[in-house]
Amino acid sequence: MIDTDRWSSELRTRGVDHVARSVLLSVLDDSAQAADLSAPINCSGLGRIRHFSSATSPGWPDNPLPWLPARQHLGVDAVPEPRCEAQVFQNAVCNWRCWYCYVPFSLLRGDASRSRMVTAEDMVDMYLALEERPVVLDLSGGQPDLVPEWVVWTMRALIDRGAQDDVFLWSDDNLSNDYLFRYLGDGDLDLLSSYRGYGRVACFKGFDDSSFAFNTAASPELFKRQFDLFRSLLTVRPDTCAYVTLTAPKIPAEGALVAMRRFADSLQGLDHDLLGRTVPLRIEVFTPVAARMRADHHAALQVQEAMVEAWLTVLEERGVIPLDKQFGAQPSGDSRGV
Ligand code: SF4
């Protein structure tokens with residue numbers, strides 16, 4: 001089992017250089033992840049294009065992240081369809097080892113031979129120089145919040161270049177540490193809070209402590225900590241969204257619906273509308289995942305199908321406001337089958 005706090009601290013040391021104000025980014029060239037990419041790797045091997053679409057799989061709810069908040073900031077002309085492209089950079093450290101992670105584990109351990117230290121300024125310059133530049137800039141991982149300075153430094157680089165109104169900045173977080181509050185100063189937190197063109201999503205790695213431990217290889221006690229951390233994030237960004245993964249080795253003995261109601265209670269205990277801002281992610285088997293899978297992982301792919309049915313039942317029972325209405329923006333067309 002991973003010692004999350006010790007490992008987080010060690011990876012943070014590898015993942016940031018405060019003197020040079022640079023962040024360790026994964027080199028995607030020649031990685032196992034490259035086989036799954038539909039567009040060429042860009043930005044000197046450090047960047048990739050990701051296609052986000054509302055359409056998911058039959059039986060699964062739409063996923064309007066991040067195109068919907070991007071449209072809210074940039075307008076319908078910049079994001080006309082219920083989908084968008086994003087320019088993605090990945091930091092090269094993560095403290096957990098989710099079996100379903102589509103990033104090869106070799107790109108999560110801060111391995112100097114598979115990563116490069118880059119300043120946010122250089123990263124933003126590479127992004128802005130792209131000929132066909134996506135309007136969304138996605139800081140992903142890895143676990144970006146092992147180095148929470150990355151988002152703040154990127155905001156400042158965008159502001160310095162006068163690009164803050166033309167770009168929607170998006171970042172994710174695995175809800176594993178409080179580094180955002182431990183290492184950022186008040187000025188940084190104010191910027192994080194007030195920066196208009198920014199959205200954040202944090203991922204619940206399971207629906208109970210047992211599914212959490214199965215998914216992450218971390219201690220089951222940290223499932224509860226995910227909620228404590230989310231509560232803190234809401235003080236900085238009340239519009240923070242959530243993902244949840246519904247994989248587990250088996251359906252809970254109490255039944256899928258009871259387990260999902262309890263999870264929904266916990267989300268609504270943080271913010272009544274958070275249930276509607278939470279998107280279940282269907283786990284799929286990308287190239288790096290296939291080699292890691294055991295029999296219980298294969299079973300978990302089936303379990304998630306039963307759990308999402310329970311999820312949808314709970315949303316209906318509680319009359320949840322869909323995410324698009326919470327953001328006050330409607331898709332311009334049919335979001336399915338795109
Ligand atoms: S937290 Fe995210 S980056 Fe880290 S192993 Fe899990 S899925 Fe991968």
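In which loop is P66 found? P66 is found in the loop between β3 and α2, the helix of residues 67-74. The model is predicted. A cis peptide bond joins L65 and P66. Its omega is about 0 degrees.

A cis peptide bond also joins G141 and G142, with omega at about 5 degrees. G142 lies in the loop between β6 (136-140) and α4. Most peptide bonds are trans.

Both glycines of this bond belong to the ligand surroundings. The ligand is surrounded by C94, W96, R97, C98, C101, V103, L108, G141, G142, Q143 and N174. Sorted by class, this shell has six nonpolar residues, four polar residues and one charged residue. Cysteines in the shell include C94, C98 and C101. R97 and N174 are also among the residues around the ligand.

Helix α4 spans residues 149-160. Which helix has an axis that crosses that of α4 at roughly 70 degrees? The helix is α6, residues 186-194, and the two axes come within 10 Å. Angles from 65 to 115 degrees count as roughly perpendicular. The helices α4 and α6 are therefore roughly perpendicular to each other. Their crossing is left-handed. From α4, the contact is made by V151, V152 and M155. From α6, D188, L191 and L192 take part. This contact of α4 with α6 has five nonpolar residues, no polar residues and one charged residue.

Helix α3, residues 120-128, also passes α4. The axes of α3 and α4 come within 9 Å and cross at roughly 55 degrees. That angle makes α3 oblique to α4. The crossing of α3 and α4 is right-handed. On the α3 side, A120, E121 and V124 are in contact. On the α4 side, they meet W150, W153, T154, A157 and L158. The residues of the contact of α3 with α4 divide into six nonpolar, one polar and one charged.

The cut-off for a buried residue is 20 or more. Leaving aside neighbours within four places in sequence, E149 is in contact with V16 and Y183. V16 belongs to strand β1 (16-17). The C-alpha atoms of E149 and L184 are separated by 6.8 Å. Along the chain, E149 and L184 are 35 residues apart.

A39 is found in the loop between β2 (22-26) and β3 (47-53). A39 counts as exposed because it has 11 C-beta neighbours inside 10 Å. Not counting residues up to four places away in sequence, A39 touches R48 and I49. The C-alpha atoms of A39 and H51 are separated by 9.3 Å. A39 and H51 are twelve residues apart along the chain.

P238 sits in the loop between α8 (222-236) and β9 (241-245). P238 has 10 C-beta neighbours inside 10 Å, so it counts as exposed. How many Å separate the C-alpha atoms of P238 and P40? The separation is 36 Å. P238 and P40 are 198 residues apart along the chain.

Most residues other than glycine have a negative phi. R21 has a positive phi of about 50 degrees, although it is not a glycine. R21 is found in the loop between β1 (16-17) and β2. R21 counts as partly exposed because it has 14 C-beta neighbours inside 10 Å.

A217 has a positive phi of about 70 degrees, and A217 is not a glycine. A217 is found in the loop between α7 (209-216) and α8. With 13 C-beta neighbours inside 10 Å, A217 counts as partly exposed.

Note on methods:
Residues are numbered from 1 along each chain as its sequence is written. This is a predicted model: local features need pLDDT of at least 70, side-chain atom pairs count only at pLDDT 80 or more; totals for chains, interfaces and linings use all residues. A residue is near a molecule or strand if its C-beta atom, placed from the backbone, lies within 6 Å of it. Ala, Val, Leu, Ile, Met, Phe, Trp, Tyr, Cys and Pro count as nonpolar, Asp, Glu, Lys and Arg as charged, and the others, Gly among them, as polar. Helices (H or I, at least four residues) and strands (E, at least two) are DSSP runs, numbered from the N terminus. Two residues are in contact if their C-beta atoms, placed from the backbone, lie within 7 Å. Axes are lines fitted to C-alpha atoms, for helices over the stretch in contact, and angles run from 0 to 180 degrees between N-to-C directions. Angles under 35 degrees count as roughly parallel, over 145 as roughly antiparallel, 65 to 115 as roughly perpendicular and the rest as oblique. A crossing is left-handed if the near helix is turned anticlockwise from the far one by less than a right angle, and right-handed if clockwise. A residue is buried if 20 or more other C-beta atoms lie within 10 Å of its own, exposed if 12 or fewer, and partly exposed in between; C-beta atoms are placed from the backbone.
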